[in-house]
Amino acid sequence: MSSYTLSALAGAGAQWFDDNGNVLSGGKIYTYQAGTTTPAATYADNIGSAVNSNPIVLDAAGRVPQEIWFPVGAKFKFVVKTSTGTLIGTYDNIPSINDPYSEGNLLSNVTGTNTIAATASP
C-alpha cells in the first residue's frame with residue numbers, strides 16, 4: 001500500500017471557475033491541516049518525492065499543474081482564491097481517495113469473526 005493517496009478534492013485534473021463561471025486562471029489553492037490555519041504540505045506523486053507549492057497556482061485553464069496527494073490518514077482544508085486573493089471557497093476535512101484510515105473511520109458497531117457487519121455513517 002502506498003503511503004500517499006490521491007486528494008478527493010482537486011486530486012487530478014480538476015478545473016476551477018470563479019463565481020461568474022470564468023476559468024480560474026492563476027487561481028490559488030492553499031492547503032492546511034484540517035480544522036486549522038496551519039499550512040500543510042501536499043505532494044505531486046504517490047511516493048511523496050515532490051512537494052507541491054503552497055499555494056498551488058492553477059494554470060491558464062484553471063487546473064492544478066500536478067496531482068495532489070496526501071499522506072495516508074491525513075485530512076486537509078483547502079482555501080481557493082482568485083489570482084488577486086478574492087475568496088472562492090473553503091473546504092474542510094477533505095479526505096483522500098481510498099485512504100483506509102478515512103474509510104475505516106466511517107464504520108461503527110463492527111461485529112463478527114469470519115464475516116464483518118458494520119454500520120456506515122458518511
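Biologist: Which residue in strand 3 stands opposite lysine 28?
Modeller: In this predicted model, valine 57 of strand 3 is the residue opposite lysine 28.

Biologist: How do strand 2 and strand 3 pair, and over how many bridges?
Modeller: Strand 2, which covers residues 28-33, pairs with strand 3 in the antiparallel sense, and 2 bridges join them.

Biologist: What is the strand order of the open sheet?
Modeller: The order is 3-2-5-6, so named for its 4 strands, and the pairing is antiparallel. The edges are strand 3 (56-57) and strand 6 (87-94), each of which pairs on one side only.

Biologist: What holds paired strands together in general?
Modeller: Strands of a sheet pair through backbone hydrogen bonds.

Biologist: How many bridges link strand 5 and strand 6?
Modeller: There are 5 bridges between strand 5 (residues 76-81) and strand 6, again in the antiparallel sense. Among the residues involved, phenylalanine 78 has tyrosine 91 in strand 6 as its bridge partner.

Biologist: And what lies between strand 5 and strand 6?
Modeller: The two strands form a hairpin with 5 residues between them. Glycine 85, in the turn, has a positive phi of about 100°.

Biologist: Changing topic, how many helices and strands does the protein chain have?
Modeller: The protein chain has 1 helix and 8 strands. From the N terminus on, the elements run β-β-β-β-β-β-α-β-β.

Biologist: What share of the residues is buried?
Modeller: Of the 122 residues in the protein chain, 32% are buried. The accessible surface comes to about 6,800 Å², with 51% belonging to carbon and sulfur atoms.

Notes. Residues numbered from 1 in each chain as written. Predicted model: local features only at pLDDT ≥ 70, side-chain atom pairs only at ≥ 80, totals over all residues. Heavy atoms only, no water. Pairing = 2+ DSSP bridges. Buried < 20%, exposed > 50% of the residue type's maximum accessible area, 1.4 Å probe, protein only. Areas by Shrake-Rupley, 256 points an atom, 1.4 Å probe, with all protein chains shown as cover.
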